[in-house]
Amino acid sequence: MGDIVDMANCNLFENLPSPIRKKLKDLYYILYETAPQSLVMSKGYFKIIELMQNPEVFDEKSSFVENTQRELLAKVLRNALLNVPYYRDCVPISANEVEPVNALEVLRKFPLLTKDEIIKHPEDFISDWINKHTLYCAASGGSTGDVIKVWRTLEELQIERAFIDHMWSYYGYSRKSKILRMGANSVVSPEMPPYQIIGRRLLVSPPHLNEKWLEKIVEKIKDFSPEFIHSYPSSAERLALYLKEHNITIRVKGIFLASEEVKPEQIELFKKVFRAPICFHYGATEQVLLGYGCYVNKNIVYHFNPLYGIVENYQDEDGNYELVGTSLWDFAMPMIRYRTQDYGVVSDVDYGNKNDGKRWKTALHLDGRKQSCLITKQETPYFECSLPIDEILWDYVKIFQCVQNVPGKLEVHVVPNEKYSDEIEQKIITSLEEEFSEWFELEYFKVNDIPLTKSGKRRLVVVNHDFNQKD
């Protein structure tokens, strides 16, 4: 999340040659940075900025937030019942029944929605009144191989952008800021140079963050002098470890992390290397929830913006609490009570936080995604967030990954650095056995490389079995 809208993903341009689509995308980047906002951003974008500037917005129990949330939700529910085939046919509620005063109560009458249901019948979730040729497509998938396509209008994508812009603005960001971007939209093929400058953005390809290219990449970053870093956590981690190892200093105003789960160990590393504020959030392609990350006493929590979406908890048969979300701004393809396959207990707003002043519903601990949940010898779930990461790994290993091909067994793959030795290997194995032996049969592998995903992400956990798909 946090990327500028990809114009090339509009259905209007789907038959254009790839080079022309890329030119359109690059042109929009430049227009976004240089043209007056009134020319390139929609009314919805400015509506969000206005709402988020209200002094009561950070108190979910304020009359401003409660009234605004109910009004937005009523519009979303009425649109779904009138214009979206799935809800019109499957939900026995009349749109005339929905008013702001009862919107939250009506919401509870809607069925929970799964990813599989959308994958089976995607057209049934697109509003009848939308011209499908003007929609933009985004795809989301996981280690299960199931890909869900989400369709949005340009205004809905710009509304998403407004929430991110407002969040980042607290760190001094503006659309004229110089950004080092390491993410999906900066990935290039292996034979191409790993960096390019488009407008005020230096795009660095995550798969190129290796020994062959890192020295040149760091030189390019220093020449570019970015004000902010917007990156996958794993890409920022790779860069930070290289800078630390070679005693190189790069100073920025802030670091924006997105699209991967953030670990406390990564935040500590970034604080030491970059000495800059760190902003991170929870979100997904489906755009049903937006959680503002907060790091306090080496613990990560997420505060859910009540004007972005409605957050609920669903307790499954194993006692795990799944995050369920309903977007307040998506009308082209509304997802109502969508089961995110992300897990964590959500507290009431009274949890609050003295450090950032947000009295919003809060996930005190995100346990991780269903598709990256390990299965123990006892056939119980072991979530990615629970994986202990020993500090010794940061000093002697470039990259590591946990792979599970069979429930109850766990492979740990590591790519050693120059300081790695047989003695260090034994220390790492001993530490891993102390942590994991109760839960898994452990195997340790020294490898030359750990491949990234097509979008340039590094997965900490890879699960190659379907145990997690059993209901």
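Cys-294 stands opposite Val-301 in strand β10. That position belongs to an antiparallel pairing of strand β9 (residues 291-296) with β10 (residues 299-304), made over six bridges. Strands pair here if DSSP finds at least two bridges between them. Strands are DSSP E runs of at least two residues, helices are H or I runs of at least four, and both are numbered from the N terminus.

Before going on, the ground rules. This is a predicted model, in which local features need pLDDT of at least 70 and side-chain atom pairs count only at pLDDT 80 or more, while totals for chains, interfaces and linings use all residues. Residues are numbered from 1 along each chain as its sequence is written, and side-chain values use heavy atoms, with hydrogens and water left out.

Back to the hairpin. β9 and β10 have two residues between them, and Asn-297 in the turn has a positive phi of about 50°. β9 also runs antiparallel to strand β8 (residues 278-282), joined to it by two bridges. There, Tyr-282 stands opposite Gly-291 in β9.

Two further residues have positive phi. Ser-259 has a value of about 75° although it is not a glycine, and it lies in the loop between β7 and α11 (264-274). Arg-337 is also not glycine, with phi near 55°, and is found in the loop between β12 (321-327) and β13 (338-347). Which of these two is buried and which is partly exposed? Buried means under 20% relative accessible area, exposed over 50%, and partly exposed in between, using a 1.4 Å probe and protein chains only. Ser-259, at 32%, is therefore partly exposed. Arg-337, at 13%, counts as buried.

Next, the parallel strands. Strand β6 (residues 228-231) is joined to strand β3 (residues 179-182) by four parallel bridges, and Met-182 has Ser-231 in β6 as its bridge partner. β6 is also joined to strand β7 (residues 254-257) by four bridges, again parallel; here Ile-229 partners Ile-255. Both faces of β6 are covered: Phe-228 and His-230 are buried on one side, Ile-229 and Ser-231 on the other. β6, helix α10 (residues 233-245) and β7 make a right-handed β-α-β unit. Right-handed means that, with the strands pointing away from the viewer, the path from the first strand over the helix to the second runs clockwise.

Now the packing. A nonpolar core is a set of buried Ala, Val, Leu, Ile, Met, Phe, Trp, Tyr and Cys residues joined through side-chain atoms within 4.5 Å. The largest one has 109 residues, and Tyr-87, Phe-110, Phe-163, Phe-270, Phe-274, Phe-280 and Met-335 have the most contacts inside it. Helix α4 (residues 63-83) contributes the largest share, nine residues. Another core, of 20 residues, lies apart from it and includes Leu-410, Val-414, Ile-429 and Tyr-444. As background, nonpolar side chains tend to be buried together in soluble globular proteins.

What does Phe-110 touch, leaving out residues up to four places away in sequence? Its contacts, meaning heavy atoms within 4.5 Å, are Leu-77, Leu-81, Tyr-87, Val-91, Ile-93, Ile-336 and Arg-337.

On to the rings. Rings of Phe, Tyr and Trp (its six-membered ring) pair if their centres lie within 6.5 Å; planes under 30 degrees apart are stacked, over 60 edge-to-face, and the rest tilted. A search of the whole structure finds 20 aromatic pairs. One of them is Tyr-87 with Phe-125, edge-to-face at 6.1 Å centre to centre and 85° between the planes. Tyr-87 sits in helix α5 (residues 85-90) and Phe-125 in the loop between α7 (115-120) and β1 (136-141), 38 residues apart. Both are buried. The rings of Trp-168 and Tyr-173 have centres 5.2 Å apart and planes at 90°, so that pair is edge-to-face as well. Trp-168 is buried at 2% relative accessible area, and Tyr-173 is buried at 10%.

Helix α8 (residues 154-169) has 13 of its 16 residues buried. The expected span of a helix is 1.5 Å times one less than its number of residues. For α8 this gives 22 Å, and the end C-alpha atoms are 22 Å apart, which agrees.

Finally, the totals. The protein has 13 helices and 20 strands, and 55% of its 471 residues count as buried. Among contacts between residues at least 6 apart in sequence, 64% join residues at least 24 apart.
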